[in-house]
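Open the model in your viewer and keep the selection panel at hand.

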Amino acid sequence: MHEFYHGSLIFLAGLALLTFISGFWITNPYGRHMTPGQRFTLPALPAWLIFESPQVWAFTITFWWLADDPSAVQLALYALWQSHYIYRAIIYPLRTHKRGKRFPVSGVVFGFLFNALNGFVNAYAVVHAPHLIQTWFADPRFLIGLAVAVVGWWINFQADSILIGLRDDGSDGYKIPQGGLFRWVSSANYSGEIMLWCGWALMSWTAAGLIFALFTIAKLGPRALSHHRWYRATFADYPAQRKALIPGLL
Ligand SMILES: NC(=O)c1ccc[n+]([C@@H]2O[C@H](COP(=O)([O-])OP(=O)(O)OC[C@H]3O[C@@H](n4cnc5c(N)ncnc54)[C@H](OP(=O)(O)O)[C@@H]3O)[C@@H](O)[C@H]2O)c1
């Protein structure tokens with residue numbers, strides 16, 4: 001199993017690099033970037049439930065299968081991972097207005113396999129990390145990582161809520177999001193998500209956590225630039241000072 005874990009880490013690191021480079025040419029065709037008449041799609045709600053769910057069960061199965069007597073730190077990391085992914089895999093798709101929306105089958109297959117592998121490597125890393133004992137709670141890496149993750153999670157949750165609110169009137173088109181970090185960036189949800197996983201990498205201090213943070217940047221960074229270009233091309237009155245992902249910078 002150790003060889004499979006190491007092989008998976010190398011594979012995921014390579015995938016992050018490939019995702020980053022290809023993201024500047026190809027924008028994943030879901031949401032506003034779907035092409036009209038796109039074939040091989042599923043209804044968006046079950047698609048999200050299917051492809052995000054492995055982050056819950058792959059992490060859970062791996063963790064409880066391998067951990068004989070988990071430390072309080074390992075249990076805390078388990079609880080944080082699960083609380084985010086129960087939100088992302090179940091609560092979030094049910095909150096969004098996805099009726100009538102479609103999602104590509106290729107994205108469901110890729111997302112399902114990636115999330116299963118990512119849930120496995122992160123749980124495996126947490127269970128086997130020798131530093132994740134009681135004293136880690138007082139380590140600056142844990143404390144700073146936790147603070148970054150909590151702030152990132154809040155920014156992401158608030159941004160998700162603002163976007164969902166834009167369609168509470170029953171419309172299904174796009175509007176200019178206002179409030180929260182959207183005052184400064186076009187993809188506040190992605191800014192928060194990237195912070196969340198950078199915080200996780202720091203607080204867990206594992207190679208798997210670092211590779212997932214890099215993958216999140218690789219996937220959402222170029223996509224945020226595409227969203228930003230799309231907003232500027234679509235809305236003549238789009239706020240000129242707003243950046244794509246990092247306030248005042250990018
Ligand atoms: N960790 C990772 O690697 C990773 C990867 C992907 C996503 N995520 C997270 O998953 C969540 C969803 O991601 P996403 O790529 O679907 O985000 P998104 O493109 O910003 O869309 C989010 C939701 O809001 C709607 N929406 C977006 N902009 C809107 C606007 N201007 N007016 C009205 N509605 C709007 C979208 O509808 P449409 O579907 O109709 O566009 C969709 O339902 C985010 O919180 C993201 O951070 C994480």
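Select α4 (72-95), α6 (140-165), α7 (188-204) and α8 (207-234), each of which supplies at least two residues of the shell around the ligand; helices here are DSSP runs of H or I with at least four residues, numbered from the N terminus. Within that selection, highlight α8, which gives the most to the shell, with 6 residues. This is a predicted model, in which local features need pLDDT of at least 70 and side-chain atom pairs count only at pLDDT 80 or more, while totals for chains, interfaces and linings use all residues. Residues are numbered from 1 along each chain as its sequence is written, and side-chain values use heavy atoms, with hydrogens and water left out.

Next, show the 26 residues around the ligand, of which Tyr30, Arg32, Tyr174, Lys175 and Tyr190 come nearest; a residue belongs here if one of its heavy atoms lies within 4 Å of the ligand. By class, the shell has 11 nonpolar, 6 polar and 9 charged residues.

Now select tyrosine 190, where a polar side-chain atom lies 2.6 Å from an oxygen atom of the ligand, and then asparagine 189, where the corresponding distance from a polar side-chain atom to a ligand oxygen is 2.9 Å. The protein buries 93% of the 880 Å² that the ligand exposes when taken alone, with areas from the Shrake-Rupley method and a 1.4 Å probe.

Finally, move to phenylalanine 20 in helix α1 (residues 2-23), which counts as partly exposed because its relative accessibility is 37%, between the limits of 20% for buried and 50% for exposed.

How values were computed:
Buried means under 20% relative accessible area, exposed over 50%, partly exposed in between (1.4 Å probe, protein chains only). A polar contact is a pair of N or O atoms within 3.5 Å; within protein, one must be able to donate a hydrogen and the other to accept it, and residues adjacent in sequence count only if both atoms are side-chain atoms. Ala, Val, Leu, Ile, Met, Phe, Trp, Tyr, Cys and Pro count as nonpolar, Asp, Glu, Lys and Arg as charged, and the others, Gly among them, as polar.
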